[in-house]
Amino acid sequence: MPVPQELEEIQDLKWDLSDLYQGPDDPHFFQDLERSRARAGKFQAAYKGMSVTALSSPDFLRALKEYESIQEDGLKPFLYASLLFAENTQSERYKALMQGAKEQWNELENQILFFRLALVGLSEEHLQTLLTHEPLKAYEHSLQFLRRFREFTRGEKEEEIMNLKNMTGRSAFMTLFDEFTGSFSFRLTVEGEEKEMTGSEMLSLLYSPDRELRERAFGNFLIHHEKNGLVLTAIFNALILDYRVEDGLRGYRGPMHRTHLENEIPQETVDLMMEITENHYRLAQEYFEIKAGLLGLPKMKNTDLYAPLPGIVKKIDFDQAQDLLLQSFQGFHPQFAKIAREILEKRWIDVPVRKGKYGGAFCAGLTPALHPYLLMNFTGTLRDALTLAHEMGHAIHFYLARKQNFLNFDPSLPLAETASVFGEMVMTRALLEEEKDRAARQALLCAEIEDIIATVFRQNVLTRFEKEAHDRRRDHLLTSQEIGDLWWQANARLFGESVEMIPEYRWGWSYISHFIHSRFYCYSYIFGELVVLALFEKYQEEGDSFLPCLVDLLESGGSGRPDDLLQRVGIDINRAAFWEKGFRVIRGLIDELKNMGP
Ligand SMILES: [Zn+2]
């Protein structure tokens with residue numbers, strides 16, 4: 001990506017990783033790797049083959065803390081190497097450093113696997129006895145979490161065989177998917193010039209103001225997938241079969257069961273959430289119709305969904321984005337602003353676009369003993385300012401969760417997007433309050449609504465499709481025709497009469513990496529977004545008195561089940577009324593947009 005002239009001055013806004021190591025040659029990096037392996041070896045020698053039930057509560061606590069600490073320290077070199085790799089994915093040196101650290105980390109995990117299995121195997125009765133020892137209470141949730149997999153975990157030998165066979169099975173297919181689709185290159189004529197592009201560059205053209213270009217780019221992208229359909233369909237089928245076989249061996253009940261256990265959400269809650277989302281598809285359709293009007297089209301195609309509104313190209317430099325962030329966070333909660341300021345000042349964030357740098361944005365929470373790092377590619381758009389608010393929200397979440405121990409640190413998936421989406425909403429609200437220009441206000445609202453539609457409605461479509469594909473694969477191999485049909489039908493339900501899909505979209509399923517990498521991951525996006533919308537509604541109702549509850553929720557990290565943690569802030573996810581709250585917020589945003597007039 002070329003760096004625009006006006007952004008050159010932010011080139012020095014690179015992150016400062018020296019809190020971790022002084023550089024890729026830092027001897028501490030290699031010493032840490034070595035030391036962790038040695039500690040894991042000692043741990044093995046001390047506890048392997050011994051029954052954990054024979055340990056007294058204080059001895060059990062000591063073993064558990066050592067098990068925790070080996071992981072926390074052992075992860076540091078790997079996390080550092082991943083950050084270096086994100087900084088420059090083209091560097092052979094960083095690639096090798098990361099691969100080496102990753103292999104060592106895997107080895108370390110295998111060394112202490114026996115203890116995890118012992119924890120999984122604890123009986124409820126024994127666990128209750130252990131929990132009478134006060135200091136063990138802090139581990140109650142992690143231990144209960146592991147125990148949920150007791151019924152589905154096999155012996156150490158079988159687990160080891162499955163791990164080893166996965167390297168040439170499921171993992172190999174995942175890697176093949178990444179490397180194969182990563183090798184795709186596309187030819188496209190843009191402004192009279194033929195260009196060679198990567199997949200993500202092609203997809204980014206969906207945000208182009210040029211309608212014909214949007215359609216041509218996306219169509220071309222999908223046709224290329226169709227041409228490689230044989231491989232993509234085979235990978236898709238193989239992975240679903242692999243999961244089915246493993247689920248069968250382990251005794252899981254249905255393809256979503258394991259994901260529900262991992263997310264700690266009951267099946268009925270997910271069903272309720274998806275059903276209510278479907279009942280509101282009309283709301284999304286109403287928005288699509290309004291947007292068609294704003295774009296001056298009789299009807300939108302699915303390549304118009306993310307089109308910018310005509311005439312709005314607002315540039316914003318990083319200083320402005322930073323001020324905006326700090327001001328809006330200050331207005332929301334001074335503690336948010338304080339943490340954000342520290343992160344910016346200490347340069348725990350990598351801002352500029354550089355050749356070879358990882359293309360998206362992320363926040364790496366690391367461990368409670370360390371602090372988060374953020375990465376983004378700032379190109380000077382409003383979208384980038386909102387991305388800054390989003391990633392900063394994640395960072396604040398991790399920062400606050402440092403109160404927790406390592407095993408309770410990472411927020412569970414369904415709550416992982418709480419602070420990030422909140423951050424985005426806070427900035428959008430602040431922008432809307434300041435912006436007087438009607439067209440700019442419309443653009444802001446559209447961006448917010450489109451974000452919500454992409455996280456709630458679209459993810460519901462993806463999950464329905466995925467569920468259907470897993471169900472059908474139970475009795476036969478899926479043809480690409482059949483997968484395409486399922487995909488088309490699931491999308492048609494959302495779009496209704498309001499959006500026309502381009503014919504190539506039959507292959508829209510084939511590039512979505514979530515289907516390959518993390519089965520049924522998509523529904524946690526719906527969950528997370530609707531939770532945040534409900535929290536936001538609560539904040540609007542209760543004002544500042546709600547803030548201590550929010551901070552408490554963020555500080556809890558992953559120390560409890562999502563329903564328990566949310567119960568503490570007065571939210572009951574098992575009631576339909578709760579899920580309806582989120583749709584009321586969406587309704588309100590659409591009305592706000594409508595009231596601005598055409
Ligand atoms: Zn996020």
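Predicted model: local features only at pLDDT ≥ 70, side-chain atom pairs only at ≥ 80, totals over all residues.
Trainee: How many helices and strands does the chain have, and what makes a stretch count as one?

Mentor: There are 25 helices and 7 strands.

Trainee: What makes the radius of gyration agree with a compact globule?

Mentor: The rule is 2.2 Å times the number of residues to the power 0.38, with the radius taken over C-alpha atoms. For 598 residues a compact globule would come out near 25 Å, and the chain has 25 Å, so the two agree. Along the principal axes, the C-alpha atoms fill a box of roughly 75 × 55 × 50 Å.

Trainee: Why is Ala101 called buried?

Mentor: Buried means under 20% relative accessible area, exposed means over 50%, and partly exposed is in between (1.4 Å probe, protein chains only). Ala101 has 1%, so it is buried. This residue is found in helix α3 (residues 92-120). Across the chain, buried residues make up 55% of the 598.

Trainee: What is Ala101 in contact with, and what counts as contact?

Mentor: Contact means heavy atoms within 4.5 Å. Leaving aside neighbours within four places in sequence, Ala101 is in contact with Phe29, Pro77, Phe78 and Ala81. For the chain as a whole, take the contacts with a separation of 6 or more: residues 24 or more positions apart account for 77% of them.

Trainee: And why is Asn166 called buried?

Mentor: Asn166 has a relative accessible area of 19%, so it falls under the cut-off and is buried. It lies in helix α6 (residues 156-168). Beyond its neighbours within four places in sequence, Asn166 is in contact with Ser171, Ala172, Asp242 and Glu246.

Trainee: What makes strand β6 largely enclosed?

Mentor: Every residue gets the burial test, and 6 of the 6 in β6 (residues 373-378) are buried, so the strand is largely enclosed by the rest of the structure. Tyr373, Leu375 and Asn377 point one way, Leu374, Met376 and Phe378 the other, and all are buried. In a regular strand the side chains alternate between the two faces of the sheet.

Trainee: How do you know that β6 pairs with β4 and β5?

Mentor: Two strands pair if DSSP finds at least two bridges between them. Strand β4 (residues 349-352) has 3 bridges to β6, in the parallel sense, and strand β5 (residues 362-364) is joined to β6 by 3 bridges, running antiparallel. In β6, Phe378 is the bridge partner of Pro352, while Leu374 is that of Cys363.

Trainee: What do β1 and β2 form?

Mentor: They form a hairpin with 2 residues between the strands, and Glu191 in the turn has a positive phi of about 50°. Strands β1 (residues 186-190) and β2 (residues 193-197) pair in the antiparallel sense over 5 bridges, with Val190 opposite Glu193. On β1, Phe186, Leu188 and Val190 make up the covered face, and Arg187 and Thr189 the uncovered one.

Trainee: What makes the phi of Leu366 and of Phe520 worth a remark?

Mentor: Most residues other than glycine have a negative phi, and most peptide bonds are trans. Leu366 has a positive phi near 55°, and Phe520 has one near 60°. Leu366 lies in the loop between β5 and β6, and Phe520 in the loop between α21 (513-517) and α22. With relative accessible areas of 7% for Leu366 and 0% for Phe520, each is buried.

Trainee: Which residues of helix α23 are buried, and what covers them?

Mentor: In α23 (residues 547-555), the buried ones are Leu547, Leu550, Val551, Leu553, Leu554 and Glu555. Their cover includes α14 (318-332), α16 (382-401) and α22 (522-542). Just after α23, Gly557 takes a positive phi of about 50°.

Notes. Residues numbered from 1 in each chain as written. Heavy atoms only, no water. Helix = DSSP H or I, 4+ residues; strand = E, 2+ residues; numbered from the N terminus.
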